[in-house]
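Subject: Structure handover

Hello,

Here is the structure you will be working with. Please keep it open while you read the notes below it.

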Amino acid sequence: MSQSCYAMMVTRLGPPDVMQYQVMEMPEPKDHEALIEQTAVGVNFVDIYLRVGQAHAHNPEPPFITGVHAVGIVKNVGSKVSEVQIGDRVTYTNAGVGTYCSHVAVASDRLVVVPNNVSDERCAAGFVRVMTAQYLLKQMRPLHTGDKVLIHAAAGGTGQVLVQWAKRMGLEVFVTAGSEEKIRFVKELGADHVINYRTSDFAQEVGKITHGKGVKVVFESVGKDTFMGSLECLEPKGLAINFGTASGQVENFALQSLHAKSLWICRPTLRTYIADKHDLQTMAKEAFEILGDPSFRLDIEAVLPLKEAAKAHTMIESRLTKGAVVLVP
Ligand SMILES: NC(=O)c1ccc[n+]([C@@H]2O[C@H](COP(=O)([O-])OP(=O)(O)OC[C@H]3O[C@@H](n4cnc5c(N)ncnc54)[C@H](OP(=O)(O)O)[C@@H]3O)[C@@H](O)[C@H]2O)c1
């Protein structure tokens, strides 16, 4: 009998408990694939979009395995694999496979070797977020010391990375967060202006602090609830980057609302920025400089067994987490 492994399978689109434990046959790597024994799985908000069916063109039909990121050890390789060897500790994201499982076969050109100074948990908590912050801060609009930027959901997994990296670049950082505890957390991270967007009108607050001038870029990951307010926060020719939709998608948007201040908007995804394997490796190198720096905070709210994936999703959807959540198969 062949060896078995397991996955948390999305049995239908819906609430967290649609993810069910399921035993599966061990995958056999094809010519250009490596078999990974997973040691830590990163939980990212996109895992929730997939589970509920909000990931647009990329949403598979159930049953499928959610998740886009994991860390593990190469256990076997196909006959044409040159990038990695058995025993390598690797990570991958957006590789076209679900990650909430114990073992998976992944295209070897999607794998990145993890340096020794980055633990499995830290890589699972931070790799996708640091890669995302890299393209958002460095590849979208030139940003210089003193430039003002606004970061929403700043206490979240991606938010905590963006705030610290933006401060390292010398930017003046305005942030929003959804509770007093989260406000304390983002102050500790070094944010300059901190707004609880559940108790006050963030656009008005940004207007007051900047004397009506606004900020250069808004990093907008909340979507429906904040997008129009984010446009109000921009200076003329400013840029709103809608890179997430935690509160729902931005719908019925009138292009004309950009006209008065000549604003820019875009809706990017990490997937595009790492589609080329050389770009993937170049960005990963920079990401590991951040991840390997112990002074860069990557708070992990919870490390849970993979079988408790539903609990992890419930915590994130209830807006209870600061920093990241990691699952261990
Ligand atoms: N496009 C890309 O390349 C890319 C890559 C990675 C991540 N992302 C996006 O970045 C965002 C953050 O991802 P993450 O994995 O690090 O998650 P996260 O920030 O840890 O969690 C999402 C946060 O969004 C805030 N939020 C606001 N309204 C919400 C609502 N109605 N329901 C739930 N949360 C709400 C919550 O913070 P408060 O309580 O403080 O409001 C929550 O903590 C997500 O939108 C994700 O899709 C995009």
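Ile-36 has Val-104 in strand S7 as its bridge partner. Strand S3 (residues 33-43) and S7 run antiparallel and are joined by five bridges. Strands (E, at least two residues) and helices (H or I, at least four) are DSSP runs numbered from the N terminus, and two strands pair if DSSP finds at least two bridges between them. S7 covers residues 103-107; four of its five residues are buried, so the strand is largely enclosed by the rest of the structure. Buried means that 20 or more other C-beta atoms lie within 10 Å of the residue's own; with 12 or fewer it is exposed, in between it is partly exposed, and the C-beta atoms are placed from the backbone.

This is a predicted model, in which local features need pLDDT of at least 70 and side-chain atom pairs count only at pLDDT 80 or more, while totals for chains, interfaces and linings use all residues. Residues are numbered from 1 along each chain as its sequence is written.

Next, the open sheet. What is the order of its six strands? It is S11-S10-S9-S12-S13-S14, with parallel pairing. Strand S11 (193-196) and S14 are at the edges with a single partner strand each, so one side of each has no neighbour in the sheet. On average, neighbouring strands here are turned by 15° against each other, direction ignored. Axes are lines fitted to C-alpha atoms (for helices, over the stretch in contact), and angles run from 0 to 180 degrees between N-to-C directions.

Four bridges pair S11 with strand S10 (residues 172-177) in the parallel sense. Thr-176 has Ile-195 in S11 as its bridge partner.

Two helices lie across strands of this sheet. Helix H3 (residues 157-168) lies across strand S9 (148-151), S10 and strand S12 (215-220), and runs at about 170° to S9. Helix H5 (residues 202-209) lies across S9, S10, S11 and S12, at about 155° to S11. Residues are in contact if their C-beta atoms, placed from the backbone, lie within 7 Å.

Some backbone details remain. The peptide bond between Pro-62 and Pro-63 is cis, with omega about 0°. Pro-63 is in the loop between helix H1 (45-52) and strand S4 (64-65).

Ser-262 is not a glycine, yet its phi is positive, near 50°. Ser-262 sits in the loop between strand S13 (234-242) and strand S14 (264-266). Is Ser-262 buried or exposed? Ser-262 is exposed, because 10 other C-beta atoms lie within 10 Å.

Regards
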